[in-house]
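Me: I am new to reading structures. Can we go through this one step by step?

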Amino acid sequence: MAMNSVIGKPLPMIESRAKVTGLGKYADDLSVPGMLIGRILHSPHAHAVIRSIDTSRAEALPGVKAVATGRDAPHPYGILPIGHDECVFTVDKARYIGDNIAAVAATSAAIAEQALDLIHVDYELLPAFFDPLESMQSAEHWLHPTKPNNIEKEYHHLFGSVDEGFAQAAFVLEQRFFAGEVTHAAMEPHATLAIWEPDGRLTVHSSTQVPYYLHRTLSEVLEMPMSQIRVIKPLIGGGFGGKSEIIPLEVAASVLAKMAKRPVKITYTREEVFLAHRGRPITIVDMKVGLTEEGKISAVAARVVQDGGAYCGYGPVTVLYSGALLGALYDIPNVRYDGFRVLTNKPACGAMRGHGTVNVRFAFESVLDDLARDAGIDPAEVRRRNLLKAPCITVNGLRVTSYGLPECIEKVVERSGWKEKQGKLPYGKGIGIACSHYVSGAANPIIRSNIPHTTVHIKIDRDAGVTVYTGASEIGQGSDTMHVQIVAEILGVRPERIRLIAADTELTPIDLGSYSSRVTFMAGNACLEAARNMRAQILEGVAAKYKLGTAMLDMRDEQVISLDDSRLRLTFDEAVAAALEFRGALVAKGTYAPPEESRGGKHKGAGVGPSPSYSYSAQTVEVSVDTDTGQIRVEKIIAAHDCGRALNPLTVEGQVEGSVYMGLGQALQEEMVWDNGRLMNPSLLEYKIATTLETPEIESIIVESIDPEGPFGAKEAGEGSLAATIPAVANAIYDAVGVRINSLPITPEKILAALREKGKQQRGGKSGSNGGAR
Amino acid sequence: MTKHLIKLKVNGEPYEVAVPPNKLLLDVLREDLGFTGSKRGCDDSSCGCCAVLIDGAPMLACVALASSYQDCEITTVEGLGTLDGLHPVQSGFADGGGSQCGFCTSGFLISTKALLDRNPQPSLDEIREALSSNLCRCTGYMQIYESVKLAIERAAARKAANPAGARS
């Protein structure tokens, strides 16, 4: 390895100077001459036919340059090919409070807002559905006529024989769990600047995790060739999945720009961000697990209902992930999964960090903890007894190539003092453990094709600067820095020599986007291949010029040197000049497509879950519970995450700690509160993401299993730790005060109710508390 | 609404700008003066992304009327340091991992600067307290604390190297 090796070193992110000086530009920071400001009219009704819209008074207002309604962009779209069920402005009826009805572009924000008030919409109210269990029984007034009983999608999977599995079990437990709805709450509200160019092209700067999907969708909705549209991703102020599908303002700004032939910028208010949503759905999980006398999991059966809101979005993928990853963390021979995605008159849910895996993991790890106690087995030990042995294929066809979970468990058990604490702390104090995992990118693309999932180009010309072109999207997770590190490592140059051009559909080769934790594994592998190609080209040029074999040459420390003949020592610039003599300006390419054997089974829905590799996490959480008030204080969280290889420990730790933080928020304090379809807490004041004061010490431990196919052995780091936090908290609460809370968030009210119920039982009352699960 | 000419002093420079009396300082900074480093992350003064220093005290520019601050020294993130000479809080956050997506960063830098100006050696609890009105959705705050500690070390080193002329 070169002396200046940058792989495995804690490297600050390359764009951090732009961020700490305030000079970096996010979408809302951009302005261009002649720019109009756009505003969107939202439905005040949860379910209503739109009889007519009168925009004439708005159009007549001085300063208004365009007014758009559903008629102006009637082409339906959606992130999934099977879910093209939404229009940028709904055409037939409004399906949730906040649904998009019309938009205005004007010379000022004040005029645009005034114009919205002048649009008259004649609504005919319809009965609306807010409860998923009621909605899926509905006989009429369905949200979408093509979706009977308001069921978007259902899947029924059976692997092995669960009946035999449960028959073998010495202990069987079935419980219902409820998880409230949570949302991404990225600090940057969505913003889009759409510029109508003089030559009839469209340039769109947008806060997106998926610039290429936006590119494609704009082409379909605007009925313009993709070659006439350019999507550029500026700095993104956090995504977490909330910017991983097409968000209405992106299309609205583009439609208005095309109508007005002017640049149009739309920035969401925070309330609009909440209504755009696409977060984690209300989930009802009926979880049944069987455990043998020896502590082996013999069968799992889960029935999952997700309240998907008004549109499809990623819904079918979410409900499939819930099943696919349910049985793939441990060695489980028999799995039954019944998953339902239900439509209701609320904002659409979608992908949120830990997509689909989180609420089911909460249920499973909680039940496993109770079963371990029934069997008299230590909760950490029961997890050890059910480990996979990689490499292997799980019962549902997922290929596991590296598996650091055993080491993750060992690390947190040792570091937390588990053996001295579990079951031994004074009443009111407790420690819990739980595990989780996640994909390193989806092995199958959303839109099936044989195009590589990602391509990276590298260019070097006479200036000897290294320009890397990647379609991958930096959203704050370290994508750009990862590329620079890989290229610097392979070419043996300083990171400062590398200039990165990223996520600009006109300049960079296609990449599917920043979702499902795919970037390091997939774009990283493509980047590695491109860098190796470039290295070979430079060395071939040097070898030809100096009559040496390429095998005798190495690139390191900004030099090309001969390994056997110290006389040859070229600076990088000299080596590039030599290579240019033979080839002219150098261009290299790398691509990545997941191997065929990683793409999963053949059953219906088998496309979701397969990944070229999986990350693993184990966590311990220590809590104190005040039995008088129900207040929960989390003292410390230790999270060990198997990321394969930490290309950049600084950013890996940041990702793990951020995941734990977000999981803890869902565990204890975050919940979207609904009243007949109206979001009651659409602000950061009322939707309580944790401040410094509510966030305990989080200690991250990196476990490196060195994946055989990951770039330098690396795999996912940004999502896999989230899901373990929630059940680890629930299990710690059980250890502290002996009540099982089956409902998220775990509030003091639920703790007190469970303690009262437990007190009644102990005094001889009826049994049957399930901690408030609905 | 009728516009009035107001005078502001931002990052040490004088500006004259015609604004309606109800225009918020954050909008004047971002739209009229081009200081887009201060961000709007919420509708209700709950996120801290827009924090600026007014006469050295951290204030939310999203709830401040610009015309009320004509006689004050206003410092935005752009005024903390220069590209050639980052302020220790800037270099601390750049190198310590305290800035992931970066959207909350300017607000955190402003709050940290205000803290270290009044208390150059804060305890962890004092840091947590001082940063409790800034929300970060990325980091879980651990690397923000590391970044603040780095800033403290660098500020102390700078002061030791140049005791007379150290710019806070």
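Reply: Start with a loop. Asn676(A) sits in the loop between β28 (674-675) and β29 (678-679) of chain A. Helices (H or I, at least four residues) and strands (E, at least two) are DSSP runs, numbered from the N terminus. This is a predicted model: local features need pLDDT of at least 70, side-chain atom pairs count only at pLDDT 80 or more, and totals for chains, interfaces and linings use all residues. Residues are numbered from 1 along each chain as its sequence is written, while chains are lettered from A and ligands numbered from 1 in the order in which they are written.

Me: Is Asn676(A) buried or exposed?

Reply: Count other C-beta atoms, placed from the backbone, within 10 Å of the residue's own: 20 or more is buried, 12 or fewer is exposed, and in between is partly exposed. Asn676(A) has 11, so Asn676(A) is exposed.

Me: What is phi of Asn676(A) near?

Reply: Asn676(A) is a residue other than glycine.

Me: How does Ile706(A) count by its C-beta neighbours inside 10 Å?

Reply: Ile706(A) lies in the loop between β30 (697-703) and α18 (722-737) of chain A. Ile706(A) is not a glycine, yet has a positive phi of about 50°. It has 14 C-beta neighbours inside 10 Å, so Ile706(A) counts as partly exposed.

Me: Which residue does a cis peptide bond join to Ala390(A)?

Reply: Look in the loop between α11 (379-384) and β16 (392-393) of chain A. The cis bond there has omega of about -5°, and the partner of Ala390(A) is Pro391(A).

Me: Which element gives the largest share of the side of chain A that touches chain B?

Reply: Two residues are in contact if their C-beta atoms, placed from the backbone, lie within 7 Å. The contact takes 41 residues from chain A and 39 residues from chain B. Elements that give two or more residues to the chain A side are α1 (16-20), α8 (270-276) and α17 (649-668). The largest share is six residues, from α17(A).

Me: What is the radius of gyration of chain B?

Reply: Chain B has five helices and five strands. The radius is taken over C-alpha atoms, and the globule rule is 2.2 Å times the number of residues to the power 0.38. With 168 residues, a compact globule would be near 15 Å, so chain B agrees, at 16 Å.

Me: What share of chain B is buried?

Reply: The C-alpha trace of chain B spans about 50 × 40 × 25 Å along its principal axes. Of the 168 residues in chain B, the buried share is 54%.
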